[in-house]
Amino acid sequence: MAEYKLLLPSMGEGVMEATIISWMFNEGDSVKEDDSVVEIATDKVDSDVPTPVSGKIVKILKQKDEVAKVGEAIAILEVSGAGDAVAEQPQEPKTAEEVKTQIPNVDSDVVKGLEEAMESAKASTSFEGSDLYLSPLVKSIAQQENISEAELQSIKGKGLEGRITKEDILAFVANRKAPQSSAATQSAPVSSTPAPQAAAPVSAPVQVNAGDEVIPMDRVRKIIAEAMVNSKRTSPHVTSFIETDVTNVVKWRTKHKDIFEKREGEKLTYMPIFVKAIVKAIQDFPLINISVDGDKIIKKKNINIGMATALPDGNLIVPVIKNADQLSLSGLAKAINDLAHRARNKKLRPEDTQGATYTISNVGGFGNLMGTPIIPQPQVAILAVGAIVKKPAVLETKDGDVIAIRNLMFMSHSYDHRVVDGSLGGMFLKHVHDYLQNWDMNTEI
């Protein structure tokens, strides 16, 4: 028999680690190839890890709530095979000698160059052996700014489990570089005690009375809370509102929903229609489809629409419709239904929640007329659609104004006033309004 190391697989760009939520098998249990053996959680999404081989779990290396890095062994399986060597998934060589072993005929000058490059990389990583977890971006900034480990220890991280985020280290660098007046320098007494860091905003103290129930936030709720607070700190939010007559949309969907479900086996909701109108408006106003990087504006080539989705446990996740501008209404309907189904059943992959350039939130699904949504960073705008309600409305006709019963809906558009002014944010919303209000009843599905 041989042993096989089950490694934590890559889970998409920017995802470097995951937390073990639960094991679906115990030590000593037999598993088959492609069986899901462990549930993991990243900052983006929860997912299952399947085993690529059949065998018996002889050792679980990472227990519940422990963090594993991508490529790290999380379990050892006993598999059929001669000998007792430990097999594992292929990994990148870590040393020049490993390169030479894997490629026997490699030129000696190449090996020497690799040795120098690897030694240089090792020397530049000054935090090896530290108990601090630093993302590659934070580590890079720390090295460029010559920030010592002692200084890093003094930074109070606002990330998950107190980890240092990009914003934390940039704020530290800015404070460290802030010039002090010569007068203050001359009059201030010399002290070996470092100056206190500016305190982060904290909640007002809460008194817990007899009978009150204290409910700890779960991991996902902590992430959501941090993201929402960070967004309000980062972006000055402005919200514009408009009321839209969606009577044509309602009539068109009523006409086509049964035919579509019979033909495709999929439900036809309002969401693909809303997304189609948003995509058209983004094409009219591409400066809504941007991100901000310092004093630079990054105009996105792709139109990827995030779709805020409520989960059964009360939490929120935002799966992403990639390249929404390249999908037909039918394609949008299928993509939306698939993402929503997998989100509610914890089947999303990490890449399914990455790369959004604009987001829609359907607060009308909860019977709400309107809302003031918070922008998901690093996007600069988000649209909330409210409940569709029948109301009396004034219609202009060739014979004069009349009052009729119409299907009306409020839309709320929140945008980042650093880069989106009222004219752009308002015109974008008006174009979404126009596309929906003037929906073509002959549109094919």
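This is a predicted model: local features need pLDDT of at least 70, side-chain atom pairs count only at pLDDT 80 or more; totals for chains, interfaces and linings use all residues.

Reader: Okay, how many helices and strands does the chain have?

Author: The chain has 11 helices and 20 strands, where helices (H or I, at least four residues) and strands (E, at least two) are DSSP runs numbered from the N terminus. Of its 445 residues, 37% count as buried; buried means under 20% relative accessible area, exposed means over 50%, and partly exposed lies in between (1.4 Å probe, protein chains only).

Reader: Which helix shall we look at?

Author: Let us take H8, which covers residues 247–264. Its 18 residues should span 26 Å at 1.5 Å a residue, and the end C-alpha atoms are 25 Å apart, which agrees; the expected span is 1.5 Å times one less than the number of residues.

Reader: And where does H8 bend?

Author: H8 bends by about 40° at His256, the bend being the angle between axes fitted to the seven residues ending there and the seven starting there. His256 is also one of the buried residues of H8, among them Trp252, Arg253 and Phe260. Just after the helix, Gly265 takes a positive phi of about 70°.

Reader: What do those buried residues pack against?

Author: The buried residues of H8 pack against strand E10 (237–245), helix H9 (271–284), H10, strand E20 (400–416) and helix H11 (422–437), with contact meaning heavy atoms within 4.5 Å.

Reader: Switching topic, how many salt bridges are there in the whole structure?

Author: A search of the whole structure finds 14, a salt bridge being a side-chain nitrogen of Lys or Arg within 4 Å of a carboxyl oxygen of Asp or Glu. One of them joins the side chains of Glu264 and Lys334 at 2.8 Å, N to O. Glu264 lies in H8 and Lys334 in helix H10 (residues 329–344), so this pair ties together parts that are 70 residues apart in sequence.

Reader: Where is Ile360, and what does it touch?

Author: Ile360 is in strand E17 and is buried, at 0% relative accessibility. Not counting residues up to four places away in sequence, Ile360 touches residues including Met271, Phe274, Leu383 and Val385. The C-alpha atoms of Ile360 and Met271 are separated by 9.1 Å, although the two are 89 residues apart along the chain.

Reader: Last one: which residues form the nonpolar patch on the surface?

Author: Phe241, Leu369 and Met370 form it, with about 270 Å² of accessible area together. Such areas come from the Shrake-Rupley method with a 1.4 Å probe, and for residues only the protein chains shown count as cover. Patches are made of residues with over 30% relative accessible area and no salt bridge, like charges being joined within 9 Å and nonpolar side chains (Val, Leu, Ile, Met, Phe, Trp, Tyr) within 5 Å. Met370 is partly exposed at 38% and is found in the loop between strand E17 (358–362) and strand E18 (381–385).

Technical notes: Residues are numbered from 1 along each chain as its sequence is written. Side-chain values use heavy atoms; hydrogens and water are left out.
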